[in-house]
Amino acid sequence: MRGLLSPSLMCADVLNLQSELEALDSLGVSYIHLDFMDNKFVPNITFDPTLIRSVKGVLKNMRRDIHIMAYEPQQYFDSMDIGEGDIVAVHYEACDDLRAVIGEIRSRGASPFVAISPDTAPSVLLDYFDIIDGVLCMTVYPGFAGRPIVEGSFEKLAEIRKLIDENKSGLLLEVDGHVSWDFCKKMRECGADIFVAGSSSIYQKGLKLDESIKRMNELVQ
Ligand code: DX5
Ligand code: ZN
């Protein structure tokens, strides 16, 4: 399977979100990465749940890739209108009963992913391999765009890939954080499938979106 892109909407022109979404949707991009933050699990706030809900009405081709950096994320599922076709990544570090949260995502017809922050060991994921569709590996400390990659991130991606392959689980591996022009090919070689493209690549100043998407697709194919 070729690498798939998930541009990070919080890095786009937030004063023109509809045109940003329509442009990406017309370029054959697979996912749109929607970061939700509660200002508790991470010290920041991005889009509110109703904006994440309204994105659904704009998309014709892309699927929502919703990354919830919040404690007890299930409290937002209704307002986000979580449903068929969505990827929903919830943090291992933010859920009291992660199995129940994963079950709730599944019951809505969406695809549950478990996200782990840089200080969390990949081995914690094994308990959930039987009920999830993928893993989101944070390669920066979550909460802000533009952060530097955390030391050891490539090794961590390769370790998760090894766990997935050893368990024949067929899970997808998403990489989020400083997926830069220089790093994305190496992240692919370490086993990543889905690439969150943000301020370190396609949203750098002065780049043409269509050319950037084409270039990133070539680097992660
Ligand atoms: C950060 C978010 C990322 C971020 C990626 O917590 O999860 O999606 O927007 O953007 P860059 O490329 O700036 O790390
Ligand atoms: Zn994210």
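**Figure 1. Lining of the largest cavity in the predicted model.** The residues lining the largest cavity comprise 12 nonpolar, nine polar and three charged. Here Ala, Val, Leu, Ile, Met, Phe, Trp, Tyr, Cys and Pro count as nonpolar, Asp, Glu, Lys and Arg as charged, and the others, Gly among them, as polar. This is a predicted model, in which local features need pLDDT of at least 70 and side-chain atom pairs count only at pLDDT 80 or more, whereas totals for chains, interfaces and linings use all residues. Residues are numbered from 1 along each chain as its sequence is written, chains are lettered from A and ligands numbered from 1 in the order in which they are written, and side-chain values use heavy atoms, without hydrogens and water. Of the 24 lining residues, Val140, Phe144, Ala145, Asp176 and Gly177 lie nearest the cavity centre. Strands β2, β3 and β8 (194–197) each contribute at least two residues to this lining; strands are DSSP runs (E, at least two residues), numbered from the N terminus.

**Figure 2. Ligand 1 in the largest cavity.** The largest cavity is the space taken by ligand 1, and its volume is about 210 Å³. On a 1 Å grid over the protein atoms alone, a cavity is a set of points where a 1.4 Å probe fits but cannot get out, and lining residues have an atom within 4 Å of a point. A molecule sits in a cavity if more than half of its atoms lie within 2 Å of its grid points.

**Figure 3. Shell and polar contacts of ligand 1.** Ligand 1 is surrounded by 21 residues (a heavy atom within 4 Å); the closest are Asp35, Gly143, Gly146, Ser199 and Ser200. Nine of the shell residues are nonpolar, 10 polar and two charged. Strand β2 (31–37) gives the most, with three residues. Taken alone, ligand 1 exposes 380 Å², of which the protein buries 100% (Shrake-Rupley method, 1.4 Å probe).

**Figure 4. The largest pocket.** This pocket, an open set of grid points with protein on both sides within 12 Å along at least five of seven lines, has a volume of about 190 Å³. Its lining includes Cys11, Asp13, Glu20, Tyr203 and Lys208. By class, six lining residues are nonpolar, two polar and four charged.

Notes
Helices (H or I, at least four residues) and strands (E, at least two) are DSSP runs, numbered from the N terminus. Grid points are joined across faces, edges and corners, and a volume is the space filled by probe spheres set on the points.
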